[in-house]
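Hi there,

Here is the structure I promised to pass on to you.

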Amino acid sequence: MTRQSAWLFPGQGAQRRGMGRELFDRYPDAMAAADRILGFSVRELCLGDAAERLTDTRYLQPALFVVNELTRRACAAREPAPDYLAGHSLGEYNALLAADAFDFETGLALVARRGELMGRATGGAMTAVVGPGAARIVDLLVEAGIDDVDLANLNSTEQVVLSGPAESLRRAAGAVTAAGAGRCVPLRVSAAFHSRYMADAAREFAAFLAGFELRDPRIPVIANVTARPYRPGEVGRLLAAQVHSAVRWSESMAHLRSRGVDRVVEQGPGRVLTGLWDAAVKDAANGSAAKPRPAAGSAPAPAAAAAAPDGAPTAERPASAGPASAGLGSAGPASAGPASAGPASAGLGSAGPASAGLGSAGLAPAVPAPAVSAAAMPAPAGPMPAAHASAGPAPAVPAPAVSAAAMPAPAGPMPAAHASAGLAPAVPAPAVSAAAMPAPAGPMPAAHASAVPAPGAPAVPAAAPAAGVEPSPYGARAGGGTARAVSGPAVGGPIGAAPERLGSAAFRADYGVRYAYLAGSMYKGIASTELVARMARAGLLGYFGTGGLRTERIEAAIATLRAELGPDGGFGMNLLHALHDPPLEEATVRLFLRHRVRFVEASGFTQPTRALVLYRLSGAHRDGTGRAVAPNRLLAKVSRPEVATAFMEPAPEALVRGLLAEGLLTAAEAEAGRALPLAGEVCAEADSAGHTDAAVAYTLMPATTGLRDRIVAERGYPDGIRVGAAGGLGAPESLAAAFVLGADFVVTGSVNQCTPQAGTSDAVKDLLAQADVQDTGYAPAGDMFEIGARVQVLRRGTLFAARANKLYQAYRQYDGLEAIDDKLRRTIEDGWFHRELEQVWKETREYYLRAGRPQEVERAEQDPRHRMALVFRWYFVHSTRMAMRGDPAERVNYQIHTGPAIGAFNRFAAGTALADWRNRHVDAVAEALMAGAARVLQDRFSSLAR
């Protein structure tokens, strides 16, 4: 085989103070471009007083990218181009730049955004496993029953890094220690990097990448995610996947050796990757080279230890008084000075400020670093086996703490409670017997009992705004929106005197509803036409669940609702983000426009899309007074401030211009749209059923209303923006809290699935009616399986969550179906799927061919891991179908999306007629919750007034 060479680019952790000193003056144009794009001086960061910011991943990643690139340019001037390129995590961007996949300025933009996303991630932990038994870690995790921990870095046969929940990592460390498999050292990180828990960041980064033109590499680049060269069209997909996937470095080095590479040149500070290459060469000589995703039982023979970074202290070379060498994994600042004086020089878990090693972005590999004193080294979990006690300090694999951003002051004055003028009810309230209407927790003072209509009584016309309140400048049209406290007489009574007065009057007017209350969508038509029609007949509004349905089924649902409710009947439709099928998303919007659907709920979106802009701006115009008006009301569900911001701003100009150029929007629609928010209603969705970010309402709502107040003030929107609340709304107290937090409206979900009108089986409703608040869990999302997105599901009475998580663990562990060990394969086929995996693939293949998506089949037949993902995704479709059918033989496999709200409602309804779900008509649930919320507010406010 022809002898080959490769250039290797290090990742975060290789940085050191002074890096690039000899290069900056040689490339003034590159430095000027970097400073312009990044907004800070790379030279000052690396050489000057700002060097302490090398501990902040937001600055470090682009700076290291620049130094790596300048090193490459200097090398290219004297050496021929290599045959292969590879980079460790962040370094992969340098490899792709060297292969002309994008230009220097594009690369800077990408790594700056990546550093920002990684730097703000929190939650979870990481642990390094170092020793000759590291290759057995998968077996040990399986034997210990730990299924929520991922392999984050596979650097050599003696070195891996685990990522996941802190408690699970402690259990894993105990299992490793008990087996004498090596040392486990917790890393100083802020989140579970390179794991399924970074799926949200991966989705955001994927959306960002979509805005760039990425070319196929001209020189083969080994991808971290696959340990194989990039194939045509893969750059964007694999860079996004890298954020939440393991860095398969040892396999990458083994692949280079298999292609005849016998010489590597490290392009960047330090020589850590050179050391790992040397270890891979020794492994090959000893017959213990890395195998792709080792299965249980495959324990490679011990390998030689990886080399320490240049200049780093080792057992043979003690630390000197000179500057610390911040190789991959150094923990103290590179400028720490004498090792004995300042912060620990590259210690795992040192007491000084952490440097930008594996921690702040989860990007640096777990590699040996300078030795540290015993005092600086945190004790591993559990006792250290005697066999390892004399080996000396464990190789350092630290990561610095993420620097905290300064806390901004609230934007403007904080609005008071959202008092509103209210409107006369559109229709009488649905009759609910007194027995059916549970009382909220706690007695209602007799003095206020008459303020709320008795159940079943006609709704009371709304009163005028309470004294002492004036319309907020951020509110909507006359009489509605938010309100601010002003000087004047004290409020004569609580704002919740009647359910008709809760929330925004303008919202109720625009949506034509009695209450500021909506029934949110549930996929696969679980939020059925029957449910939506019943809400409409009660003077309320619900959204039909279009997710997972073909356009023909959606169109039939629209026709059914039109026939039942008449041409002016109020109903809404859901638009679920089609991550893998943008044409479906746009086809659904065209369907809505053709049938004049005026209310759409957008869910699952992380940024605006063409389809959303097309829907919102179609028909937009200026009225007789010159005010911008949009007839289509878009309600966006969000769980992150940055996503909320995107929906509160006008539609992105690039998307507007594209639609305008294609003739899909008129010039008048585009012009009016520039004066309108993309979504007139933004719903802050806390921990909820289905796809969830597990956000907390107490923090998410103030953040969202504050954003709204600032943006509306800046933009001067004529109708403002209404902010709603969703997630966890299962008891009157929850709704009352939402309104106190500033909600203009509320959106319920889980409670409506357990009603006679929900389009799912009685068996599912029986299970939901027995659930308590703690009976939910998290599982991978079938539609976003590969990137590890999560859904919240019912845990009680079903094994779906446990099995789905096992499948995702297997997907991350194995290269394809053929690699799955026999024991797990038998469990899946015999116990879970009740059919052979090959039969599942045959059914899946036929489905995609019938659906007109042959490209999925072609890709799966070329990529064993994609084929495995499609087979595993079959289980998610199957588990939903069985639940909706109520197949008793498949009960343990039921996939039931729900949140803790169902448990809260069950407690609220206990001892009343609503305890039986057959009495929980969707409008009766709304009536009970809203009337109960009004009583709670009366009780609480009157108590405070005493």
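Below is what turned up, region by region.

First, the ground rules. This is a predicted model, in which local features need pLDDT of at least 70 and side-chain atom pairs count only at pLDDT 80 or more, while totals for chains, interfaces and linings use all residues. Residues are numbered from 1 along each chain as its sequence is written, and side-chain values use heavy atoms, with hydrogens and water left out.

Cysteines: a search of the whole structure gives zero disulfides (a disulfide being a pair of cysteine sulfur atoms within 2.5 Å). Cys75 has 1% relative accessibility, so Cys75 counts as buried, and Cys683 counts as buried because its value is 0%. Buried here means under 20% relative accessible area, exposed over 50%, and partly exposed in between (1.4 Å probe, protein chains only).

Strands and sheets: helices (H or I, at least four residues) and strands (E, at least two) are DSSP runs, numbered from the N terminus, and two strands pair if DSSP finds at least two bridges between them. An open sheet is formed by four strands in the order 7-2-1-8, with parallel pairing. Strand 7 (221–222) and strand 8 (261–266) are at its edges with a single partner strand each, so one side of each has no neighbour in the sheet. Strand 2 (residues 84–87) is joined to strand 7 by two bridges, and Ala86 has Ile222 as its bridge partner in strand 7.

Elsewhere, strand 4 (residues 150–156) is largely enclosed by the rest of the structure, because seven of its seven residues are buried. Five bridges connect strand 4 with the antiparallel strand 5 (residues 159–164), and a hairpin of two residues links strand 4 to strand 5. Within this pairing, Asn153 is opposite Val161 of strand 5.

Aromatic rings: there are 19 aromatic pairs in the structure. Rings of Phe, Tyr and Trp (its six-membered ring) pair if their centres lie within 6.5 Å; planes under 30 degrees apart count as stacked, over 60 as edge-to-face and the rest as tilted. A cluster linked by ring pairs includes Phe785, Tyr808 and Trp874.

Finally, the charged end of Arg73 sits over the ring of Phe104, 5.2 Å from its centre, and that of Arg790 sits over the ring of Tyr778, at 4.3 Å. The test is NZ of Lys or CZ of Arg within 6 Å of the ring centre and within 35 degrees of the ring normal.

Happy browsing!
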